[in-house]
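Me: Could you help me learn to read a protein model? I would like to go through a few features with you.

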Amino acid sequence: MTRDHRQSATALKLAAFGAGLAGLVFELAWLRLLALSVGNTAEAACALLSVYMAGLALGSWVLGRRADRVASGPGLFAGLQAAVALCGAAMPVLISGLPPVAAALCLLVPTFLMGGALPLLARQALIQGGLVAEEVGSLCFWNTLGGAAGAVLAGFVLLPALGLRGTVGVAVLVSLAVGALAWKLSDPAAAAPPEKEALAAAQSSPVLWAVFALSGLCALAYETLWTRLLSLVLGSSLYAFTIMLAAFLAGLALGGRLAGPLARRGWSRWGVLGLLQSGIAVCSLAGLLVLPWLPFVYLKIYAALGPESAWFLPAQFGLAFTALLPAALLMGLNFPWCADLAGPSARPGSRLGAMYALNTAGAAAAPWLASLLLIPRFGLAGSVAALALVNLVLGLLALSREPKPAYRVALPWVAVGVLVFWWASPLPSRSVLESGVMPRAADFLARGNDIKAWRTLLDSRREVFSEDGRTASVSVWKHDNGTLTITLDGKPDASTSRLTDMPTQVLSGHLPPLLREARAGAGSAKGGSALVIGLGSGITVGALARHPLERIEVVEIEPAVVRASRAFADFNHAALSDPRVSLVLDDARRYLRRASRSYDIVISEPSNPWLPGSAALFTREFYESVRVRLASDGIFCQWLHFYGMPTDAVRAELRTFRSVFPHASLWWPTGGDVLLVATPDELKLDYKALSRALAGAGVQADLAAIGFGGPEGFLTSFAAGEKVLAALAQEGAGLNTDDRPILEFAAARSVHDAGAFARNAELLNARRESVSPYLEGFDRPRELARAYGARGLLALGAAELEKDGASLKDLTSRRETGEMYLKAQDFSAAVRVFAELARSRPRDPKAQLDLARACLAAGEKDKGLAAMERFAGLILRRELVPLYAKGLADEAKPAPAYLALGQGYARLQEGRLAAKLMTLALQNDPKIFDAMIR
């Protein structure tokens with residue numbers, strides 16, 4: 001090979017790599033943009049991917065034929081790359097300004113142009129000589145490797161750092177650079193098409209075309225299925241999806257690279273093609289046997305490296321790559337091998353373009369086959385097995401065309417072997433697959449670092465419901481303690497635990513209608529309509545249905561969740577059976593755009609924002625769409641979590657919410673869940689109206705069951721008004737938008753951050769405020785204070801008692817105030833309260849004792865000893881105990897001994913020493929003086 005040929009071959013590889021990289025970056029960005037318009041339903045996702053593949057197929061067929069008629073293939077390729085760049089730059093503007101169907105069809109134009117890349121480059125390589133399998137395989141390797149690099153670049157760098165539009169901009173620049181490189185290669189004289197006809201008879205067997213088309217269909221269907229299966233282990237975030245996509249593409253690329261060396265061995269083309277297809281079947285079935293072990297491998301990786309390690313993501317890539325490699329490698333061999341089997345041609349561009357078009361057209365049908373036909377019928381694992389049988393049939397067809405007897409003899413043995421393997425292969429255990437190891441890794445490792453301990457944890461639950469839905473695998477599990485949990489792709493999404501999920505779900509349903517009925521000056525707010533986004537367990541809908549609403553609409557994207565919610569009938573009051581409740585299976589954002597009615601209440605409780613579909617329900621654009629459909633006096637409630645979320649991301653989300661709903665308040669039901677509530681004006685509640693609204697039997701029972709019984713109990717869930725939220729959001733990192741979904745990427749990176757909740761809770765607790773300034777007609781501060789105390793909000797309870805004049809005159813209330821401050825570790829406030837009490841009651845030994853306790857806790861030792869000395873004197877006047885002592889031993893003594901010694905020294909008029917001894921008694925036993933001061 002001459003130097004010019006080597007340079008030309010290198011340039012072709014670089015062009016193929018660059019085109020693959022830009023193509024994958026464009027694909028990820030465009031599909032995310034279109035999902036915001038078309039929706040995230042299974043049907044919408046299938047339609048978008050099919051349109052994308054159809055555009056590639058059409059472009060490959062048309063432009064492949066054109067390639068053989070032009071003088072310079074690289075020149076045409078350069079023009080196509082420039083056109084792709086132009087379309088790429090225009091797509092974000094076109095998508096945002098067109099109806100969903102028209103926006104989706106816009107994909108046909110740039111994908112048509114992209115479809116011509118591989119035929120053009122392959123034609124250029126073939127006219128320079130070389131085996132078809134070797135040249136086409138090499139280009140497939142570099143093009144697919146570029147795609148894998150593009151997936152990693154987009155998922156881990158561009159989308160988080162630059163947003164959707166910035167990512168598209170980078171892909172535009174890459175396409176222009178690739179076009180410029182190709183333009184330098186253009187040499188009409190050197191690249192003129194040959195004048196002679198085919199050098200050898202080309203294969204045109206219908207079997208070859210059928211195998212090629214159906215193998216394309218199976219390949220993309222496998223990708224869809226294995227992405228879903230591996231998401232049960234790695235999670236469903238964009239980062240996890242990127243890892244899986246890159247691993248699959250890397251396997252395909254490696255297969256393309258091996259095509260040339262295999263072809264040079266001179267093996268029979270039909271026989272090897274049959275074994276390739278049969279091998280794909282075997283590897284796919286073998287993958288199902290390996291699959292149940294992957295969660296344990298993930299836990300071992302987590303335990304060995306930790307989520308903060310720089311090697312954690314590469315290790316996850318290695319896990320996915322290992323699982324996908326055998327089948328993906330054989331799939332990558334398929335295209336160059338079939339191209340070689342078709343034989344050389346005088347019109348290589350047309351031949352390869354037609355083949356690639358056929359293969360991609362088969363891939364266009366794959367999303368529909370996998371998501372809407374196979375998965376509902378066979379489940380994820382069963383669908384993989386069904387596709388394996390298709391590959392087996394294709395392999396047997398290819399072997400039947402093989403003229404060599406050795407391969408034909410192998411035909412029945414291959415069939416029998418694969419079928420026996422299929423029948424003998426058990427389907428993976430759902431309990432293991434849907435264990436939720438990604439979000440729950442720390443829980444598993446707390447039980448130990450061995451498989452036996454992890455299986456013991458999994459055995460503590462039994463399956464109540466399980467279904468592989470169109471968008472997620474949904475299951476309901478019952479634990480040994482009776483708790484029900486619904487999981488999506490293994491991640492717990494809701495439960496009946498009274499410590500965690502129940503307060504959030506119940507309060508989400510009760511809070512908006514109660515605030516609507518209790519808004520001061522708003523008058524009676526009966527009837528009206530409500531919209532709930534996300535069904536989950538149905539408990540929120542059931543709580544909402546306790547109120548006198550006329551109509552409740554529920555939007556849920558996954559049909560399997562609807563069927564799973566029936567397992568929670570005892571907790572959701574069979575909400576879907578209520579005649580006022582109507583269910584809509586749709587994407588929430590698409591439904592809001594199409595809805596014609598307005599709503600008095602909107603409640604949004606999607607899954608976690610690190611999931612791409614759910615992430616779109618936390619952006620400014622989503623909130624704007626809610627505001628359009630919200631009645632002028634309507635109330636909107638948005639669920640948000642504090643766990644696994646960086647503080648900057650929380651601030652950014654608060655700022656985003658307030659940018660659309662300035663009159664916002666924050667309510668904190670329990671643990672890591674908070675509720676953002678938007679009202680028409682600044683929050684002001686009529687206490688008497690609220691009490692009437694809470695008087696309903698169903699409302700009372702629901703709230704009492706989660707520890708929020710009575711008006712005061714309910715009000716303790718309030719955490720911050722709009723001024724506090726404005727202060728918290730002021731330091732936010734920006735707005736969470738469709739273009740820059742800060743929350744999605746921040747939450748995905750911090751999902752394993754065990755300290756995130758503590759930091760966010762500390763942030764809110766530092767500014768948490770009482771609800772009393774937002775109440776009108778309120779005259780029960782003591783009851784509110786005690787409700788705060790019962791929830792552990794002692795500082796708020798003490799502040800409420802201090803604000804009440806009647807309480808300040810009551811000895812019991814004043815002591816209760818000081819005790820609350822002391823337990824809340826607000827020692828300076830406790831010293832202040834107890835000092836005032838001691839001054840007002842100088843002859844009360846308990847007052848002196850309380851002051852001593854507070855001073856000692858605050859580190860004011862001298863004041864504490866002085867108070868204890870006064871206490872000792874008062875006790876001796878009441879309790880003349882004839883005990884004397886003349887010294888202290890070095891060893892520590894029990895509290896009664898210190899007390900006796902202290903009393904003795906007090907009788908000897910050694911007050912200071914008596915105070916020190918009694919202080920030691922108090923520190924050893926805080927209740928030792930209780931009997932003396934009753």
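Predicted model: local features only at pLDDT ≥ 70, side-chain atom pairs only at ≥ 80, totals over all residues.

Me: How many salt bridges does a search of the whole structure find?

Reply: Side chains of opposite charge can pair when their charged atoms come close. A salt bridge here is a side-chain nitrogen of Lys or Arg within 4 Å of a carboxyl oxygen of Asp or Glu. The search finds 27 of them. In one, glutamate 712 meets arginine 780 at 2.9 Å, N to O. Glutamate 712 sits in helix 28 and arginine 780 in the loop between strand 14 and helix 32, so the pair ties together parts 68 residues apart in sequence. Helices (H or I, at least four residues) and strands (E, at least two) are DSSP runs, numbered from the N terminus.

Me: Is glutamate 712 buried or exposed?

Reply: Buried means under 20% relative accessible area, exposed over 50%, and partly exposed in between (1.4 Å probe, protein chains only). Glutamate 712 is buried at 7%, while arginine 780 is partly exposed at 32%.

Me: Which strand pairs with strand 6?

Reply: Two strands pair if DSSP finds at least two bridges between them. Strand 5 pairs with strand 6 in the parallel sense over 5 bridges, and serine 529 stands opposite arginine 551. Strand 6 has 5 of its 6 residues buried, so the rest of the structure largely encloses it.

Note on methods
Residues numbered from 1 in each chain as written. Heavy atoms only, no water.
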